[in-house]
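Below are some notes on the fold, written for someone new to reading structures. Please keep the sequence and the 3D view open while going through the points.

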Amino acid sequence: KQWYQRRVAITAGILVEFSADCPDSKLSVVIGGEVLPVYATNDGHMVTLVKEHSALPASSYSVDFYDEAGIAAYKNHVKDSDVAAPTPVHSASVNHPGVSKEGLPIQTEFIVMVASLLVWWGANSIKAKISE
C-alpha cells in the first residue's frame with residue numbers, strides 16, 4: 001500500500017494463519033478488544049481483521065485465542081468489569097507496520113506530461129529549423 005499525492009488503499013488488514021492441535025474445538029480471537037471468529041481452511045485456521053487506516057494504526061497487536069467457554073467469560077468481563085478477565089488459551093503478537101509512504105514524491109501522470117511536452121517542444125524546434 002503506497003501513498004502518492006492521494007491515498008491509494010483505503011483499508012488495512014491483519015491476517016493471522018495458524019494450526020491448532022485440537023481441530024474439533026471452536027476458537028475465537030480477540031484483537032484490540034474486538035471479538036473475531038476463527039475460520040478453518042485446508043491448511044489450518046485463520047482470522048482476519050480489516051479496518052480503515054485511521055482505525056488500525058501502526059502498532060503491535062496482541063492476538064488472544066479463546067475456546068467457547070473462554071470467549072463467553074471474556075464477553076461477561078467486557079459487560080461487567082467486576083468479573084475477572086479470563087486467561088486466553090494462547091496469545092501471540094502481530095506487528096502491523098502501517099501504511100507505506102514509499103514511492104515517488106510526485107504522481108507519474110505529471111512525469112508523463114512533462115516528458116510529452118519536452119518531446120513536443122523538441123519536435124517543434126526541429127520543424128522550425130527545417131522550414132527556414
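1. Two strands count as paired if DSSP finds at least two bridges between them. In general, the strands of a sheet pair through backbone hydrogen bonds, and the pairing is either parallel or antiparallel.

2. Some context for the whole chain. This is a predicted model. The chain contains two helices and seven strands, and along the sequence they follow the pattern β-β-β-β-β-β-α-β-α. The chain has 132 residues, and buried residues make up 22% of them. Among contacts between residues at least 6 apart in sequence, 71% join residues at least 24 apart.

3. β2 and β3 pair in the antiparallel sense over four bridges. The bridge partner of Ile31 is Glu34 in β3. What lies between β2 and β3 in the hairpin they form? The answer is two residues, and Gly32 in this turn has a positive phi of about 60 degrees.

4. β2 also pairs with β6, again in the antiparallel sense and over four bridges. In this pairing, Val30 stands opposite Asp64 in β6.

5. Helix α1 covers residues 68-79, which is 12 residues. From its first C-alpha to its last it reaches 17 Å, close to the 16 Å expected at 1.5 Å a residue.

6. Which residues of α1 are buried? They are Gly70, Ile71 and Tyr74. These residues cover an arc of only 95 degrees around the axis, so they sit on the same side of α1. They pack against β2 (28-31), β3 (34-37) and β6 (59-66). The face of α1 turned away from this buried side carries the exposed residues Glu68, Ala69 and Lys79.

7. Ala72 is a case in between. Its place is in helix α1. Ala72 is partly exposed, with a relative accessible area of 39%; that category applies because the value falls between the 20% limit for buried and the 50% limit for exposed. The C-alpha atoms of Ala72 and Ser28 are separated by 10.0 Å, although the two residues are 44 residues apart along the chain.

8. There is also an open sheet of three strands, in the order β1-β5-β4 with antiparallel pairing. Its edge strands are β1 (11-18) and β4 (39-41), and each pairs on one side only. The twist in this sheet averages 35 degrees from one strand to the next. Eight bridges join β1 to β5 (residues 44-52), and these two strands run antiparallel. As an example of residues facing each other across this pairing, Ala12 stands opposite Lys51 in β5.

9. How many aromatic pairs does a search of the whole structure find? It finds two. In one of them, the rings of Phe18 and Phe65 have their centres 4.8 Å apart and their planes at 70 degrees, so the pair is edge-to-face. The cut-off behind that label is an angle over 60 degrees between the planes. Phe18 lies in strand β1 and Phe65 in strand β6, 47 residues apart, and the pair thus links distant parts of the chain. Phe18 and Phe65 are buried.

10. The other pair is Tyr66 with Tyr74. Their ring centres are 5.6 Å apart and their planes are at 35 degrees, so this pair is tilted. Both Tyr66 and Tyr74 are buried.

How values were computed: Residues are numbered from 1 along each chain as its sequence is written. This is a predicted model: local features need pLDDT of at least 70, side-chain atom pairs count only at pLDDT 80 or more; totals for chains, interfaces and linings use all residues. Side-chain values use heavy atoms; hydrogens and water are left out. The expected span of a helix is 1.5 Å times one less than its number of residues. Buried means under 20% relative accessible area, exposed over 50%, partly exposed in between (1.4 Å probe, protein chains only). The arc is that of the directions from the helix axis to the C-beta atoms. Contact means heavy atoms within 4.5 Å. Axes are lines fitted to C-alpha atoms, for helices over the stretch in contact, and angles run from 0 to 180 degrees between N-to-C directions. Rings of Phe, Tyr and Trp (its six-membered ring) pair if their centres lie within 6.5 Å; planes under 30 degrees apart count as stacked, over 60 as edge-to-face and the rest as tilted.
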